[in-house]
Amino acid sequence: MNIRLTALLLLSLAACSPRTPAPEQGRPWREFVLDLTRVDALPRLDVPGTELISTFDPTGANDDFNRFRGPGREAGWVLLADLTGPGVVRRFWTTGQDPGHRFRLYFDGATKPQVDGTIEEVFGGRAPFQVPLARYLNLCWFSYVPLTYQKSLRIEMQAPNTHPLWGPRRLFYQLNVERLPAGTMVQSFPTRLTPEDEAALRAVATAWSNAVVTSSTPADPAAATTIAPGASSSLLDLAGPGRVESWTLH
């Protein structure tokens, strides 16, 4: 009887004792986010590379559009990629869609998309797909938000529509996929962001924003120059590196 009481007491004490939280399994998603600030990794040759999945025309006819991997799960949808893990999509670029075109991302065998939104939402309009990691620029949409998956990732979008003025749409896309060694454990793309995830996104956004200096050079009426027929003149002389996003002549 005393032995039974002692055993019951020990079990009760074990049940009431505080439990140590289970450690994170695999590499956290936020570390893939912070990779976007690791410029020291650029010259290294011992890091994994990425492969490109795109609408590239292998025939060389330059018809690099509307080349999909198959139909989507529903009518009116097409498959962009059906990946097996572990892995991560490091870059997603696309163009040719009209406003409101929709995308769906299914992670690790899910029957419902974890990401389901318009092109404006998936490329700059909602967390974690926000500027400067995801945005619309130069008639194209891009995202560097890492899409991590342990088992699989399926990416779909609505099939090309017909524009009332321009006719059948030509859709283009590129995916840079890093396939990780078998047995590698990674955190799949998170359904909800933790404070640590949000801090990582802010750190990358700050680093990217601080690395870019934006300036404008307005016209100076007092410095107007008359150019004779057949002659030439220098309008602007800038030191690089840099990029001219727009310029206007009147």
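Modeller: Leu-236 lies in the segment after helix H4 (195-210), where helices (H or I, at least four residues) and strands (E, at least two) are DSSP runs numbered from the N terminus. The model is a predicted one, in which local features need pLDDT of at least 70 and side-chain atom pairs count only at pLDDT 80 or more, while totals for chains, interfaces and linings use all residues. Residues are numbered from 1 along each chain as its sequence is written, and side-chain values use heavy atoms, with hydrogens and water left out.

With a relative accessibility of 47%, Leu-236 is classed as partly exposed; the classes are buried (under 20% relative accessible area), exposed (over 50%) and partly exposed in between, with a 1.4 Å probe and protein chains only.

Turning to the strands, the model has an open sheet of five, in the order E2-E3-E12-E5-E6, with antiparallel pairing. Strand E2 (70-71) and strand E6 (115-118) are at the edges with a single partner strand each, so one side of each has no neighbour in the sheet. Within this sheet, seven bridges pair strand E3 (residues 77-84) with strand E12 (residues 152-158) in the antiparallel sense; two strands pair if DSSP finds at least two bridges between them. Opposite Gln-158 in E12 stands Trp-77.

Strand E10 pairs with E4 through three bridges in an antiparallel arrangement, and Thr-94 stands opposite Trp-141 in E10. Strand E9 (residues 134-137) also runs antiparallel to E10, joined to it by four bridges; there, Arg-135 is found opposite Phe-142. The hairpin of E9 and E10 has two residues between the strands, and Asn-138 in this hairpin takes a positive phi near 55°. Phe-123, for its part, belongs to the loop between helix H3 (119-122) and strand E7 (125-126). Its relative accessibility of 1% makes Phe-123 buried. Although Phe-123 and Tyr-136 are 13 residues apart in sequence, their C-alpha atoms are 6.9 Å apart in space.

The charged pairs remain. Side chains of opposite charge can pair when their charged atoms come close. Over the whole structure, 16 salt bridges are found, a salt bridge being a side-chain nitrogen of Lys or Arg within 4 Å of a carboxyl oxygen of Asp or Glu.

One of these contacts joins the side chains of Asp-35 and Arg-38, at 3.8 Å from N to O. Asp-35, at 17% relative accessibility, counts as buried, whereas Arg-38, with a relative accessible area of 39%, is partly exposed. Both residues belong to a salt-bridge network that also includes Arg-27, Glu-31, Asp-40, Arg-90 and Glu-178.

A further salt bridge brings together the side chains of Arg-67 and Asp-57 (2.9 Å, N to O). This pair links distant parts of the chain, ten residues apart, with Arg-67 and Asp-57 each in the loop between strand E1 (51-54) and E2. Arg-67 is partly exposed because its relative accessible area is 30%, and Asp-57 counts as buried because its relative accessibility is 1%.

The side chains of Arg-169 and Asp-98 also meet in a salt bridge, at 3.1 Å from N to O. Here the two partners are 71 residues apart and link distant parts of the chain: Arg-169 is in the loop between strand E14 (167-168) and E15, and Asp-98 is in the loop between E4 and strand E5 (102-107). Arg-169, with a relative accessible area of 16%, is buried, and Asp-98 is buried at 13%.
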